[in-house]
Each structure stands twice: as structure tokens, then as C-alpha cells.
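This report goes through a structure chain by chain and sheet by sheet. Please look at the model below before reading on.

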Protein chains: 2
Amino acid sequence: MAKDKKLVEGITSMDVDFAQWYTDVVKKAELCDYTSVKGCMVIKPAGYAIWENIQKELDRRFKETGVQNVYLPMFIPESLLEKEKDHVEGFAPEVAWVTHGGLEPLQERMCVRPTSETLFCDFYAKEIQSHRDLPKVYNQWCSVVRWEKTTRPFLRSREFLWQEGHTAHATAEEAEERTVQMLNVYADFCQDVLAIPVVKGVKTDKEKFAGALRTYTIESLMHDGKALQSGTSHNFGDGFAKAFGIQYTNKENKLVPVHQTSWGMTTRMIGAIIMVHGDDSGLVLPPRIAPIQTMIVPIAMHKEGVLEKAAELKNKLGELYSVALDDSDKSPGWKFSEQEIKGIPTRIEMGPKDIENNQCIVVRRDTREKIVVSLDDIETKLGEILEQMQEDMFQRALAHRESHTYDATEFEEFCKIAEEKPGFIRAMWCGDQACEDKIKEEAGCTSRCMPFEQEELSTKCICCGRPAKKMVYWGKAY
Amino acid sequence: MAKDKKLVEGITSMDVDFAQWYTDVVKKAELCDYTSVKGCMVIKPAGYAIWENIQKELDRRFKETGVQNVYLPMFIPESLLEKEKDHVEGFAPEVAWVTHGGLEPLQERMCVRPTSETLFCDFYAKEIQSHRDLPKVYNQWCSVVRWEKTTRPFLRSREFLWQEGHTAHATAEEAEERTVQMLNVYADFCQDVLAIPVVKGVKTDKEKFAGALRTYTIESLMHDGKALQSGTSHNFGDGFAKAFGIQYTNKENKLVPVHQTSWGMTTRMIGAIIMVHGDDSGLVLPPRIAPIQTMIVPIAMHKEGVLEKAAELKNKLGELYSVALDDSDKSPGWKFSEQEIKGIPTRIEMGPKDIENNQCIVVRRDTREKIVVSLDDIETKLGEILEQMQEDMFQRALAHRESHTYDATEFEEFCKIAEEKPGFIRAMWCGDQACEDKIKEEAGCTSRCMPFEQEELSTKCICCGRPAKKMVYWGKAY
């Protein structure tokens with residue numbers, strides 16, 4: 001990636017301090033901010049507009065697969081949360097409890113949903129009687145609360161926005177198919193829209209979701225070499241169904257439990273966009289997710305005809321792209337800097353000379369390449385530039401991930417890589433949690449996933465030397 | 001309105017028991033349902049799809065006026081809620097309190113937002129320093145919680161979905177302008193999209209929002225003659241700004257408080273649609289808000305070519321309208337009944353004879369009128385039918401309101417109307433809360449609003465006989 005060595009005021013260089021760079025970009029690009037409510041943030045217009053685009057894109061893809069949206073309560077009575085043993089153990093320590101309604105204490109306390117499996121189960125137990133009622137493929141867009149001790153904007157906060165899909169099926173096969181289908185929706189969305197390459201795979205038992213039979217995940221690599229779990233899809237088998245009594249009469253007139261799945265993606269993807277694509281000048285938004293795709297900056301604005309021509313260009317391009325015109329009284333240099341901080345994919349500079357020559361200059365945010373375009377061709381050309389930028393951003397992110405993915409076949413080598421080279425480490429594993437624990441303790445890495453695309457790097461477990469079962473992606477994670 | 005005397009199984013006639021009719025329609029049309037969480041409901045796919053359309057339409061109209069969306073935390077620390085005296089008095093008795101986070105008690109308890117004025121104020125106090133930071137015109141889509149004792153689907157529940165806009169302005173004039181502008185957005189939306197006529201006006205001091213200087217409202221009349229507050233817009237003046245210290249340096253370099261507004265519309269509008277347009281066969285959705293605008297029901301489906309032709313019609317119409325095809329193995333009569341219960345505006349019947357004659361039959365949900373349409377013209381004709389239906393529904397609702405709006409000039413007359421004739425009563429008022437209280441006590445009516453369009457029905461207050469200041473709409477309300 002073309003490195004920008006210019007220092008932008010208020011943004012720490014990412015090579016100096018990546019965590020501080022991240023916080024600076026979040027703040028300078030006006031994406032979100034802290035509030036008086038400890039651990040909770042406000043998502044500001046520039047951040048929320050990205051989330052709206054994520055919602056729009058995902059929701060469309062969900063609906064194409066038959067998903068219907070619903071809305072369930074935000075509260076879970078304690079007795080309901082406790083119905084599935086593994087699930088309550090996983091979530092009870094990190095929920096917020098409501099104990100009073102109005103002036104009176106509640107008879108039973110309720111938590112604010114950290115996730116809604118229990119509520120959907122309770123709902124499905126009433127809704128589902130016959131095989132004719134299946135499948136149920138519901139989703140909701142909402143906020144959830146998890147009482148985290150340490151928080152970071154978008155990546156970890158006490159309240160966050162997400163979608164959670166919850167489905168019920170007649171057969172185990174159908175549930176498994178849906179679980180994988182939704183993982184693929186997430187993976188395609190990340191790659192095609194966010195320009196973020198992902199590794200698809202299965203979580204180990206240790207890392208799977210509380211109450212799940214199997215958790216599928218997509219894992220992406222941030223610029224600093226840390227991993228980010230970017231979307232998960234869980235197959236619950238009939239565990240929840242048995243705990244909640246969700247059963248249906250099948251075609252043979254027998255009463256049997258349903259098979260369930262759930263899957264979610266959150267506002268942390270905004271953090272992923274920042275950490276995969278951003279640079280020392282600020283945010284860089286992939287064109288397909290950018291709320292504004294091009295910012296027109298008129299040069300020598302006071303000169304006759306410049307503003308008119310700029311407004312005309314805005315109207316023309318506005319029919320095809322999301323366009324803004326900065327006609328404020330700031331200097332062009334200031335406007336360039338703001339457009340760069342905010343990550344607007346392209347800017348169009350146009351001054352009296354350009355107008356004379358019937359042209360404008362398109363500047364790509366990622367490479368800073370300046371492209372002179374005839375005003376006759378700008379409508380098509382801008383689209384091509386945006387598409388090329390989208391593709392280049394994906395390829396750069398992929399190249400970065402590939403150059404930061406290491407293979408290890410010996411434990412010592414593994415530990416050395418983990419210490420010296422931030423990134424994914426691929427290594428074989430026997431399947432025993434003891435080895436997973438030891439790798440975490442000694443190398444500081446967690447298992448990210450057992451990828452669908454397996455390779456036999458060695459026949460032995462990297463940790464204990466016993467026969468290996470799976471190749472695993474390991475890493476330090478957000 | 002053409003009355004349907006056919007009794008639909010499971011739906012009580014509205015003339016027999018309106019409240020039960022309402023509950024039956026909500027249930028049979030599968031809009032929402034009760035849950036194990038007391039006082040909270042689940043909004044099912046058919047109900048949520050209506051809400052999504054409401055969101056889409058309102059959000060577009062908001063953005064055209066410069067509104068930007070944001071997201072603020074769902075929790076309000078108690079000390080923050082208490083900063084504005086009138087506001088806390090209004091809301092404290094009906095909030096849900098979070099007292100524990102994870103396994104530990106909180107240092108300060110927090111309520112789940114019943115509305116977010118205090119959070120926005122806290123946010124704006126940090127964000128606004130200079131006149132250059134103004135105006136702020138922000139909105140959020142979220143859920144809020146009010147600990148109601150008695151609840152009804154959509155109309156009153158402990159948690160409901162809404163949008164809440166919160167703005168800050170440099171001058172009192174600009175705030176007032178925004179307050180009225182948003183009331184007009186709501187009124188136009190109700191009339192143009194939901195086909196619900198509204199009365200625009202100002203709330204009395206007794207009925208205004210806790211902490212507001214002035215509350216504007218749109219009031220609509222349900223089929224049973226009860227009023228429904230359908231959207232409100234509040235001008236706060238600088239009261240909150242002073243309590244929260246939201247001040248800015250104006251162009252004269254003086255530090256002055258901002259002027260604020262807020263405005264909201266909720267899922268109760270789904271209740272309004274049901275109660276304004278529904279009939280004894282179920283829901284009737286105005287075409288512009290209906291998730292599905294036409295349902296194709298093939299007749300004699302097993303006959304050669306029928307299903308193919310129906311699918312072809314669906315594809316053709318699907319480019320212009322929201323169309324579904326019911327090709328399930330139920331009988332046509334059953335399908336008609338389902339389409340009617342769900343309120344789908346039109347159905348298209350098409351059997352072998354129709355296909356032979358190159359025609360289909362469009363049946364309007366509201367009037368049950370059957371219209372034979374040539375398959376060559378169906379694309380345009382269906383649009384005309386839907387538009388006509390939209391207009392007719394509005395006109396019927398308006399006629400109903402007008403025939404259920406009564407004028408009174410004597411107190412005894414007022415009480416008699418209130419007892420015998422459900423609807424709005426227009427009467428003069430002196431402006432004294434004592435009279436408002438007496439009218440509530442003796443006639444059971446609350447003041448709905450002081451309409452923008454005033455008329456002098458008499459010179460004296462209906463209650464005390466002293467000089468009248470305003471004409472007021474009174475009514476029994478949901």
C-alpha cells in the first residue's frame with residue numbers, strides 16, 4: 001500500500017502506535033464518541049451512515065434467501081435465560097439486570113438481552129406445532145448489551161448494534177445447510193462490499209458459542225496483524241429445542257424436536273473497515289459501502305462560473321453515485337484533508353482552467369492517483385475508477401493477509417513467529433483442548449478457526465506431537 | 001364504508017365488541033403476539049414488514065429536510081435523568097431500572113431510556129461550542145421502555161419501537177420552524193401514505209410533553225370514535241439547554257444557550273391503520289404502505305397452463321408492484337379469506353376461462369369490487385386501481401371523522417354528546433386547567449388539541465362561561 005508519510009494533525013502514525021491511530025481515526029473521522037454512560041458510545045452521523053449501508057446490503061441478501069424480519073422484546077426473564085445450561089453459563093456473568101419497573105421491585109428480575117436465543121425459543125415453542133409451520137427463518141435488527149470490563153469503540157462496547165438471525169428447521173441437514181448458507185452470505189458481503197478477505201472455518205469446541213453444537217466463523221486480519229472475528233453462524237442441533245420443548249408433528253405424525261441455527265454480524269465491522277483499509281491520513285472507505293462516494297471540491301470558487309459548473313456536475317453525477325459538493329468557505333487544501341480523514345473514496349477537483357479544458361481531476365483516496373477526466377466521460381469514468389478502487393482495495397488487503405500468514409510445524413518455531421511476526425499462524429492440532437490452552441498460555445494465540453480449506457502441513461500436533469486432526473488458524477485477536 | 005356482514009371465523013364483529021375485534025384482527029392477521037415477558041410483544045413478520053415500510057417512507061422524508069441518523073446508548077444514568085425537573089417528574093415513575101452489571105451492583109443505577117432528551121442534551125453539550133456547530137438535526141430509530149400497567153398490542157406496550165428526532169438551533173425562531181416542519185412531515189405522511197386524516201394542533205399545558213415549552217400533535221379518529229395521538233413534535237425553548245449547559249458562542253462572540261426540539265412517531269401507527277381501515281373480515285392496508293400490494297390466486301390451478309400463466313403475470317407485475325402468488329394446495333376460497341384477513345389491498349383471480357379470454361379479475365379489498373382487466377392492460381390498470389383505492393380509503397376515513405365530529409356550545413350538550421356519540425367534540429375553552437379537569441371528570445373527555453384552524457363557535461368557555469380563548473378538540477383517547 002502506498003504509505004502516506006505526511007503527518008495529519010491529530011492522527012498518530014499507525015506504525016508508531018496502532019491502537020492510538022485507531023482511536024484517533026475514529027475521533028477525527030467523527031464516527032463515534034464516548035458518552036456519560038460508561039462503556040457505551042454514541043454512533044455519530046458519519047459512522048451511522050456506514051451502518052445503514054451495511055444494513056441495507058445485508059438485509060437485501062438475507063431476504064433473497066427467504067429471511068423475514070421480526071422484533072422480540074429486549075428483556076429476558078431470569079428463568080428463561082436459565083433454561084439452557086451451557087447458554088446461561090456463557091452469558092449470565094456479563095448481562096445487565098433490570099430489578100425495578102417504575103417504583104416497584106420486579107417479582108422476577110430480567111436481563112437486557114445479550115443475544116436472543118432464549119426469547120426466540122420461547123416464541124417458537126408457541127408458534128411451531130406442525131411440519132407445515134417449518135422452516136422459520138427470522139431475523140431482527142436491534143441492540144444488545146454485554147457488560148464488558150474494557151471497551152473499545154466499535155470493537156467492544158457494552159451496548160452494540162447487530163442483526164441476529166434465528167431459524168428452526170425440520171431436519172438436522174436443513175439446519176446445517178442454513179448455517180453454512182448464512183456464513184457464506186457474510187463472507188461474500190465482507191469480500192464483495194467491504195473489500196475484506198476472510199478465512200471461513202469452524203470454531204474449536206473451546207471457542208464455540210455457548211449452547212451451540214458447532215460455530216462457523218469468518219476471520220479477517222487487521223493491518224496490525226491481529227485477527228478479528230467478523231461474523232458467526234451457529235448450528236444448535238436440537239439442544240435448545242429439547243430444553244424449551246420446541247417440537248412439531250412430522251409427516252409420520254410423530255412429535256419430534258426442531259433443529260435450530262443463529263447467526264449475527266455487528267457494528268464491529270465498522271472497526272474492521274477502519275483497521276483493514278485506513279492509513280495515516282485517516283479512514284479509507286471501500287466505494288461500495290461509502291455513504292458519500294465522491295466529494296466535489298471547486299478550486300478558485302470565487303471565479304465566475306466555477307460554482308455553477310460544480311453544482312451542475314454534482315447534479316449530473318448524483319443520479320448515478322452518492323455525491324457531495326463542498327462549497328463552504330474553507331480553503332481547498334483544508335477540504336482535501338477533510339475528505340481524506342473521512343475516507344471518501346474519491347474527490348473531484350475542478351477549477352477555471354479545468355473548466356476551460358472541459359475536464360476535471362479525479363483523485364483516488366487509496367492511492368492518491370490523480371486522473372484527468374473529460375467532463376463528457378465523467379459519468380462512466382467515475383464508475384470505472386470506483387470499481388477499480390474497490391477491487392484494488394480487496395487485492396491489497398488479500399496480499400497483506402497472505403504476507404502475514406505463516407506456517408509452523410514445530411512448537412518453538414510457532415512461539416517465535418507469535419512473538420515476532422504479527423499475523424495468522426497455520427499449524428496442525430490434535431483436537432485436544434489441553435494443547436489449545438497451552439498454545440494460548442505460552443504463545444498468546446487463540447485458535448481462530450479450523451478452515452474449510454484444509455492442508456496437511458504435518459502429520460503431528462504442533463503442541464503435543466500426537467497425530468494431528470486439523471489444520472488451525474491461530475492468532476492474537478481483538 | 002361497505003360493511004361486510006360475513007362472519008370470519010375468529011374475528012368478532014366490530015359492532016359487537018370493538019376492543020375484541022381489534023385483538024382478533026391483530027392475532028388473525030399475524031401482526032404481533034404476547035410473549036413470556038409481561039407487557040412486551042413480539043412483532044411478527046407481517047407486522048414488522050409494515051413497520052419497515054413506515055420507516056422507509058418517514059426516513060426518506062426526514063432526510064429530505066436534512067435529518068441525519070445517529071445512535072445513542074439505551075441507558076440513562078439516574079443523575080442525568082434528574083437534570084431537568086419537569087422531565088424527571090414526568091418519566092421517573094414509569095421507567096425500568098438497571099441496578100446490576102454482570103455480577104456486581106452498579107455504583108449508580110440507570111434506567112432504560114423512555115425517551116432520549118437527556119442523552120441528546122448530554123451529547124450536544126459536548127458537541128456544540130460555536131454557531132458553526134449549529135444546527136444539529138439528528139434522529140434515531142430505536143426501542144424505548146415505559147413501564148405501563150395495562151397494555152394493548154401496538155397501542156400501549158412496555159417496550160415499543162419508534163424514531164426520536166432531537167435538534168438544536170441557534171435561535172428560538174429556527175427551533176419553532178423545525179417543530180412545525182416535522183409536525184407537517186408527520187401529517188403529510190399519515191394522510192398521503194397511511195390514508196389517515198389528522199387534525200393538527202397544539203396540546204394544552206396539561207397535556208404537553210414533560211419539559212416542553214409547547215407540544216404540537218396530530219390527532220386521528222379511530223373507527224370506534226376514539227382519538228389516537230399519532231405523532232408529536234415538541235419545542236423545548238432553551239429549558240433543557242440551560243439545565244444541561246448547552247451553549248454556543250454566537251457571531252457577536254457571546255455565550256448563549258441553544259433552542260431545542262424533539263419529535264417522534266411509533267409502532268402505534270400500525271394500531272391506527274388497523275382501527276381506521278379494518279373491517280369485519282380483517283385488516284385493510286392502504287396500498288402505499290402494504291408490504292404486498294396484490295396477491296395472485298390461480299383458479300383451477302391443476303389445469304394446464306394456469307400456474308405458468310400466473311407465474312408469468314407475477315413476474316410482469318413484480319417489476320412495478322409488490323406481488324405475491326399463492327400457489328399452495330389450499331382452496332381458492334381459503335386463499336381469498338386469508339388475503340382478506342391480512343388486508344392485502346388487491347387480489348387477482350385468474351382461471352382457465354380468464355386465460356382463454358386474455359383477462360384476469362382484480363378484486364379490491366376495501367369495496368370488494370371485481371374489475372375485469374385485459375392482460376394487455378393489467379400493468380397500468382393495477383396501478384390505477386391501487387391509487388384509486390388509496391384515495392377512496394382516505395376519503396372514507398375523512399367522511400367518517402367529519403360525521404363523528406360534533407360542536408357543542410353548552411356544557412350539558414357537551415356531556416350528552418360525550419355520553420351518546422363517540423367522536424371528536426369541538427368546543428370553546430377559557431384556557432384554565434380547572435375547566436379542563438372538570439371536563440375530564442364529568443364528561444370523560446381529554447383535550448386532544450387546540451387546532452391550527454380555529455373557529456369561534458361561541459365567545460364563552462364551554463365549562464365556566466368566562467371569555468373563551470381557544471377552540472379545542474376533545475375526545476376519549478387510546
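## Terms and source

Two strands pair if DSSP finds at least two bridges between them. Helices (H or I, at least four residues) and strands (E, at least two) are DSSP runs, numbered from the N terminus.

The model is predicted: local features need pLDDT of at least 70, side-chain atom pairs count only at pLDDT 80 or more, and totals for chains, interfaces and linings use all residues. Residues are numbered from 1 along each chain as its sequence is written, while chains are lettered from A and ligands numbered from 1 in the order in which they are written.

## The sheet of 11 strands

In chain A, 11 strands make an open sheet with mixed pairing. Their order is 3-7-8-14-11-10-9-22-23-21-20. Strand 3 and strand 20 (405-407) of chain A take the edges. Each has a single partner strand, so one side of each is left without a neighbour in the sheet. Helix 5 of chain A packs on this sheet. The helix touches strand 7 (136-145), strand 8 and strand 14 (259-266) of chain A. Its direction makes about 35 degrees with that of strand 8 of chain A. Here axes are lines fitted to C-alpha atoms, for helices over the stretch in contact, and angles run from 0 to 180 degrees between N-to-C directions.

Within the sheet, strand 9 (residues 199-202) and strand 10 (residues 214-221) of chain A run antiparallel. They are joined by 4 bridges. V202(A) has Y216(A) in strand 10 of chain A as its bridge partner.

## Domains of chain A

Chain A is divided into domain 1 (18-277), domain 2 (294-389) and domain 3 (405-475). The bounds come from an automatic or database domain assignment. Between the C-alpha centres of domain 1 and domain 2 of chain A lie 40 Å.

Strand 17 (residues 346-350) of chain A is joined to strand 18 (residues 359-364) of chain A by 4 bridges, and the two run antiparallel. T346(A) stands opposite R364(A) in strand 18 of chain A.

Strand 18 of chain A also runs antiparallel to strand 19 (residues 370-374) of chain A, with 5 bridges. I361(A) stands opposite V372(A) in strand 19 of chain A. Strand 18 and strand 19 of chain A form a hairpin with 5 residues between them. In the turn, R368(A) has a positive phi of about 65 degrees.

Strand 5 of chain A and strand 5 (residues 96-101) of chain B meet through 5 bridges and run antiparallel. A96(A) has G101(B) as its bridge partner. In chain A, strand 5 also pairs with strand 6 in the antiparallel sense over 4 bridges. There W97(A) stands opposite C111(A). The hairpin of these two strands has 2 residues between the strands, and G102(A) takes a positive phi near 65 degrees. Strand 4 and strand 6 (residues 104-112) of chain A pair in the antiparallel sense over 3 bridges. F75(A) stands opposite V112(A). In chain B, 4 bridges join strand 5 to strand 6 (residues 104-112), again antiparallel. W97(B) stands opposite C111(B).

## The interface

Contact requires C-beta atoms, placed from the backbone, within 7 Å. By that rule, 38 residues of chain A are in contact with 38 residues of chain B. Elements giving two or more residues to the chain A side include helix 2 (45-64), strand 5 (96-101) and helix 5 (117-127) of chain A. Strand 5 of chain A gives the most, with 6 residues. The chain A side divides into 24 nonpolar, 9 polar and 5 charged residues. Ala, Val, Leu, Ile, Met, Phe, Trp, Tyr, Cys and Pro count as nonpolar, Asp, Glu, Lys and Arg as charged, and the others, Gly among them, as polar.

## Symmetry

A rotation of 180 degrees with 0.0 Å of shift along its axis superposes chain A on chain B, at an RMSD of 0.0 Å. The two copies are thus related as by a two-fold rotation axis. In chain A, V98(A) has the C-alpha nearest the axis, 2.1 Å from it. The superposition is by least squares on the C-alpha atoms of residues with pLDDT of at least 70 in both copies.

Of the interface residues of chain A, 100% are also interface residues in chain B, so the copies meet through the same surface.

Note on methods:
Contact = placed C-beta atoms within 7 Å.
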